[in-house]
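Please read the following note alongside the sequence and the three-dimensional view. It is arranged as numbered points, each on one topic.

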Amino acid sequence: MHVVIIGNGVAGMEAALQIRAEAPDAGVTLVSEESDHFFSRTALMWVHSGQMSHRDIEPLERDAYVRHGFTRVRGRVVSLDAASKRLTLGDGETLDYDKLLIACGSRPRPGPWRGSDLRGVGHFVTLQDLEWYERELHGGPSHAGRPPRPDQHVPSSRPDSPYLPREAAAEARGSLSKRPAVIGGGLIGIEAVEVAHGKGLHPHFFIRDEWFWPMAIDATEAAWITERMRAHGVHVHLQHEVEHLEGDAQGNLTAVVTNHGRFEVDCAVVAIGVVPNTQWLADSGVALDAGGGVVVDAQQRTNVPDVFAAGDCASVRWSTGAQRPEQLWYTGRDQGRVAARAMLGQTGHAATYRRPTWYNSAKLMDIEYTTVGFVNMNQPGEREWFFEERGAVRSTTRIVHTDTGVIGFNLLGRRWDHSVLMEFIDAGRSLAYVLDHLHEAAFDTELVPPLVLPREAR
Amino acid sequence: MDLQGQNGLLSTYREGFRARGAAAWLIAATLVSFYVVLYWEDRLSGALGGRPLTWLAESLHLRNRWYLYGFLYCVAMSAGGVYYLRRHGNSRYNRTRIAVNVGVQVVFGFTLPFVMPLFEAPEFYFSYFWPLKYDYLYPQTLTQLPTYLSVYAVVGGLVAAPAMAYFFGKRWYCSWVCGCGGLANTFGDPYRHLTSKSTASWRFERVSIHSVLVIAIVTTALVGADFFWGESSPRLHAAATGGPLSVKELYGFVVGSILAGVIGTGLYPLLGPRSWCRNFCPMAALLGLVQKLGRYRITVKPDMCISCGNCSTYCEMGIDVRSYAQRNESFTRASCVGCGMCAHMCPRGVLKLENSSAPRQRAARASLPIVSG
Ligand SMILES: Cc1cc2nc3c(=O)[nH]c(=O)nc-3n(C[C@H](O)[C@H](O)[C@H](O)COP(=O)(O)OP(=O)(O)OC[C@H]3O[C@@H](n4cnc5c(N)ncnc54)[C@H](O)[C@@H]3O)c2cc1C
Ligand code: SF4
């Protein structure tokens, strides 16, 4: 059997490793346009600052393809002919498969504004985006170098690819960026802000909503994060709707114009979300959802026989009933494993994708963040219990509960073991029980004084 | 200020002296030359036209060049401590650990040994134990020391140090007390990411460190045998302590000077700060074996790791922490010195150092079986 996997991100690579573990003789080909090696996309910001090298963000040793007998194809897939089970690459080569896994991830959502194609405007999602942003702020990569063969794929690529090198305004101008901007108040946005701050700059941060990341964070929590960003010298602009971007005669970005005014900037990271990287599937017969995600069932099967999808590009059924992609590292990993087993013809528990209670964690500048269950979802009959700690540790604890028990946690400033909090939710524990047992979920490092909930707060 | 977690980004690879650039080679060359002169000044005095370190020590009214070294060591450690605290000092674990370590070294590693002879007491290092201080179990040493110090050396090296390692992990020594570890974590902190994470380096470490432990035990046994039977057996005496090619002298030359000093510290900017601790230290080997059986562990929070690699990158012992974290596997590695940096660096709070005999995972989530790469 010959399995072809499009994408060597976490979903594609996990699937390949799983197939190898269970079917030592299966042929496995991994096609990737972006890079030779599997790397952690989640770690781009640390390569930018110089905290890590390219090699450091690769979870496997570089001989992994050889050791596991995977065939590497570096190039862009441009079309799928499902009837003859054949892929075509940008340079005209073809690739036949018995089973196909589409794990081609997401691409940044482009800016919809006039001027979005100016030099100096870019994103922070792909390796090529990273290289561009490094050139704008630092003039190039750190002493840790570049990934091998960064431009190898370009001949077989297409103009619409998110993996193309981008010109830097810093080079055209002859001077590094001094006044960068980030547009879009989400997780990638705040990381792009942090790397600019890490360079010692004071970036502009344009956020359309009333506060940072309203999907996950409430007004009180966001006020603390905004205060922290401003203390670090970040110009946070709330409720600023970008109208257009301005450039000079050479086509270099010079300003961001919002509904509140004109801001002189020399570099802008557009971080207004990601979309499934599936434009090339438009005529393939593979069913896509309204946002472009490849619709899959619980075995990661698409509507086309022998074609599967996993990771950021796959549109899955949520516990809420919604059908859309889950753009997360660990869900991509789990989906990849399920897809591998399903491609090998397995059924049952191990080949079925079930997302547990929602959870996630992040670090917002230097504030630790954990969320579990339903928060900011306006569930019927929900109430909130909130406690703000201001002692040796500053933290906030928000617990959402209904008559049937606790349903969600939003926790800032401390570390928590989400698996214990999930147990509370899944067991339908009452608020009183959870407050008595909250310490069981504490995961702070040693010597950090524990969270004490004063009696009157209960 | 928060009490855990890396506060802001590090610019490590954007600074040449930390990324094996020309400055790093220059620093390494300077350190190596310094150690060569320090250890072999007498033999090199012809070539050097004198004894520069002894001269410097005497002009500073220090008894000999070893006190000068102790003094420079304290300065390097204190300056490095300030550097460390500026980078990682927001964390209470880091801050406490470094303060204790620097304090112990300044008091027990430098001041007391300097002061004790003034009161007719022998020069004694309370912060070192056998087998790191290999001569502390030689009968020749024990019989010369006052009883209370002999008891301290024997009980400390053979009972107390391993017992503490059972309950708290070897970190109580390697990261809170030890002078080599202390220098590595302060003066050597700029280089902690350079320790190799390759499989080959791990294979080398396992053979080399346990070999040195065996050699240390054999050397101690031979020197001890010489004390009791050396007079009746000239061959034993020659092999154990007599002359420059005896095991005692060879061990001091190879392990004490070359591996611990010239390579261990001199090559910080190229090999990372813990190459002595990781590959050669017999004390680390011994306490590491105890640690494997004891209570210390790194607990991994399930299914939260984003495989970023901060933990592995900043592990000064070359442990691929990420490989455990992404498999949801709590673990105890013999080599882990418990510096706490992996937990500190982790942007998702996945890791926690613990002394605990409770089960490793509170709740095994209905997670899918996992294969590793
Ligand atoms: C800056 C940033 C920070 C993030 N932080 C977090 C976080 O903290 N936690 C978290 O859970 N998630 C985070 N994410 C999201 C997470 O990285 C993704 O969910 C995950 O990487 C998706 O993996 P994937 O395998 O589905 O796709 P990808 O990693 O995107 O891999 C897709 C691969 O497919 C290949 N490809 C695509 N199209 C083609 C084509 N036509 N032909 C050939 N090859 C093709 C490319 O080479 C690409 O490498 C972050 C994302 C970013 C950008
Ligand atoms: S444990 Fe933490 S630091 Fe290590 S790879 Fe996982 S997320 Fe990154």
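1. The structure is a predicted model. Every number in this note should be read with that in mind.

2. Domains of chain A. Chain A is split into three parts: domain 1 (2-33 + 75-107 + 275-351), domain 2 (110-272) and domain 3 (359-441). Domain 1 of chain A is written as several segments of the sequence, 2-33, 75-107 and 275-351.

3. Domains 2 and 3 of chain A. Taken over C-alpha atoms, the centres of domain 2 of chain A and domain 3 of chain A are 32 Å apart. Where they touch, 20 residues of domain 2 of chain A meet 16 residues of domain 3 of chain A. About 1700 Å² is buried between domain 2 and domain 3 of chain A, and carbon and sulfur atoms account for 64% of that area. On the domain 2 side, the residues that lose the most area to domain 3 of chain A are Glu221(A), Trp224(A) and Arg228(A), which together give 38% of what that side buries.

4. Domains of chain B. Chain B has two assigned domains, domain 1 (27-129 + 168-194) and domain 2 (297-367). Their centres, again over C-alpha atoms, are separated by 31 Å. The contact between them involves 15 residues of domain 1 of chain B and 16 residues of domain 2 of chain B. The two domains of chain B bury about 1300 Å² between them, 48% of it from carbon and sulfur atoms. Within domain 1 of chain B, Lys170(B), Arg171(B) and Arg192(B) lose the most area to domain 2 of chain B, and together they make up 46% of what that side buries.

5. Contact between the chains. The size of an interface is often given as the accessible area lost when the parts come together. For chain A and chain B this area is about 5600 Å², with 49% of it on carbon and sulfur atoms. Three residues, Gln51(A), Phe443(A) and Glu446(A), supply 14% of the area that chain A buries against chain B, more than any other three residues. In total, 72 residues from chain A and 61 residues from chain B take part in the contact.

6. The surroundings of ligand 1. Which residues come nearest to ligand 1? Of the 33 residues around ligand 1, they are Ser32(A), Glu34(A), Asp312(A), Trp329(A) and Arg348(B). The site is shared between chains because residues from both chain A and chain B surround ligand 1. Within chain A, domain 1 and domain 2 each give at least three residues to this shell. Helix H1 (10-22), strand E2 (27-32) and helix H6 (187-198) of chain A each supply at least two residues. By class, the shell around ligand 1 has 15 nonpolar, 11 polar and 7 charged residues.

7. An oxygen atom of ligand 1 lies 2.6 Å from an N or O atom in the side chain of Asp312(A), and an oxygen atom of the ligand lies 2.7 Å from an N or O atom in the side chain of Glu34(A). Taken alone, ligand 1 exposes 1000 Å², and the protein buries 96% of that.

8. Two backbone details in chain B. The peptide bond from Trp130(B) to Pro131(B) is cis, with omega near 5 degrees. Pro131(B) belongs to the loop between helix H4 (92-115) and helix H5 (139-144) of chain B. Glu120(B) also lies in the loop between H4 and H5 of chain B. Although Glu120(B) is not a glycine, its phi is positive, at about 65 degrees.

Terms used. Residues are numbered from 1 along each chain as its sequence is written. Chains are lettered from A and ligands numbered from 1 in the order in which they are written. This is a predicted model: local features need pLDDT of at least 70, side-chain atom pairs count only at pLDDT 80 or more; totals for chains, interfaces and linings use all residues. Side-chain values use heavy atoms; hydrogens and water are left out. A residue is near a molecule or strand if one of its heavy atoms lies within 4 Å of it. A polar contact is a pair of N or O atoms within 3.5 Å; within protein, one must be able to donate a hydrogen and the other to accept it, and residues adjacent in sequence count only if both atoms are side-chain atoms. Accessible areas come from the Shrake-Rupley method with a 1.4 Å probe; for residues, only the protein chains shown count as cover. Helices (H or I, at least four residues) and strands (E, at least two) are DSSP runs, numbered from the N terminus. Ala, Val, Leu, Ile, Met, Phe, Trp, Tyr, Cys and Pro count as nonpolar, Asp, Glu, Lys and Arg as charged, and the others, Gly among them, as polar. Domain bounds come from an automatic or database domain assignment. Contact means heavy atoms within 4.5 Å. Buried area is the accessible area (1.4 Å probe) that two parts lose on being put together, summed over both.
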